[in-house]
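Here's a quick briefing to read alongside the model. Take a look at the fold before going through the notes.

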Amino acid sequence: MYVRIVTFGLSVPAEDYARSAVAVAPAFVEWPGLLAKWWLGDAASGTYGGVYLFASREDADRSRDTEVFRGMAANPALHGISVREFDVLDAPTAVTAPSLRAA
């Protein structure tokens, strides 16, 4: 498995972002190999983003060619975008997240 962590600040009210997130969420379901996406928000620090769990690094690579991913960088509502990606360490993760063993 492979994980992407995206964080950013907002140039719009958090409520506007939340409405937009609900509207765009179905587009992520179309990404082959995306097992889950968790939407993040910390109003106190103004940091928002998402954690994406992919079946493989190749699936994460393919997702970068989608309109949704490319549109993130061009979205004026988002600033200071950080994208980090990691391999999942399978053995310890199988202990701490047993429901993901079959993923």
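What follows covers the overall fold, the strands, the core and the pocket.

This is a predicted model, where local features need pLDDT of at least 70 and side-chain atom pairs count only at pLDDT 80 or more, while totals for chains, interfaces and linings use all residues. Residues are numbered from 1 along each chain as its sequence is written, and side-chain values use heavy atoms, with hydrogens and water left out.

**Overall fold**

- The protein chain has four helices and four strands; these are DSSP runs numbered from the N terminus (helices are H or I with at least four residues, strands are E with at least two).
- Going along the sequence, the pattern reads β-α-β-β-α-α-β-α.
- The C-alpha trace spans about 40 × 30 × 20 Å along its principal axes.
- Of the 103 residues in the protein chain, 30% are buried (buried means under 20% relative accessible area, exposed over 50%, partly exposed in between, with a 1.4 Å probe and protein chains only).
- Take the contacts (heavy atoms within 4.5 Å) with a separation of 6 or more: 66% of them are between residues 24 or more positions apart.

**Strands and their pairing**

- Strands count as paired if DSSP finds at least two bridges between them.
- E1 runs antiparallel to E3, with eight bridges joining them; Ile5 stands opposite Val51, and Tyr2 stands opposite Phe54.
- E1 also has eight bridges to strand E4 (residues 78-87), again antiparallel, and here Arg4 has Glu85 as its bridge partner.
- Strand E2 (residues 34-42) pairs antiparallel with E3 through eight bridges, with Ala36 partnered to Leu53.
- The hairpin of E2 and E3 has four residues between the strands, and Gly46 takes a positive phi near 75 degrees there.
- Seven of the nine residues of E1 are buried, so the rest of the structure largely encloses this strand.
- E3 is also largely enclosed by the rest of the structure, because six of its eight residues are buried.

**Nonpolar core**

- In soluble globular proteins, nonpolar side chains tend to be buried together.
- A nonpolar core here is a set of buried Ala, Val, Leu, Ile, Met, Phe, Trp, Tyr and Cys residues joined through side-chain atoms within 4.5 Å.
- The largest one has 16 residues, and those touching the most other members are Phe8, Tyr17, Trp31, Tyr52 and Phe54.
- Strand E1 (2-10), helix H1 (14-29), strand E3 (47-54) and helix H3 (67-74) each supply at least two residues of this core, and the largest share, four residues, comes from E1.
- Leaving out residues up to four places away in sequence, Phe54 touches residues including Met1, Tyr2, Arg4, Trp31, Leu35 and Ser63.

**Largest pocket**

- A pocket is an open set of points on a 1 Å grid over the protein atoms alone where a 1.4 Å probe fits, with protein on both sides within 12 Å along at least five of seven lines; lining residues have an atom within 4 Å of a point.
- The largest pocket holds about 370 Å³ of space, the volume being the space filled by probe spheres set on the points, which are joined across faces, edges and corners.
- It is lined by 23 residues, and Tyr17, Val24, Met72, Asn75 and Leu78 are the closest to its centre.
- E1, H1, E2, E3 and H3 are the elements giving two or more residues to this lining, and H1 gives the most, with six residues.
- The lining divides into 15 nonpolar, five polar and three charged residues (Ala, Val, Leu, Ile, Met, Phe, Trp, Tyr, Cys and Pro count as nonpolar, Asp, Glu, Lys and Arg as charged, and the others, Gly among them, as polar).
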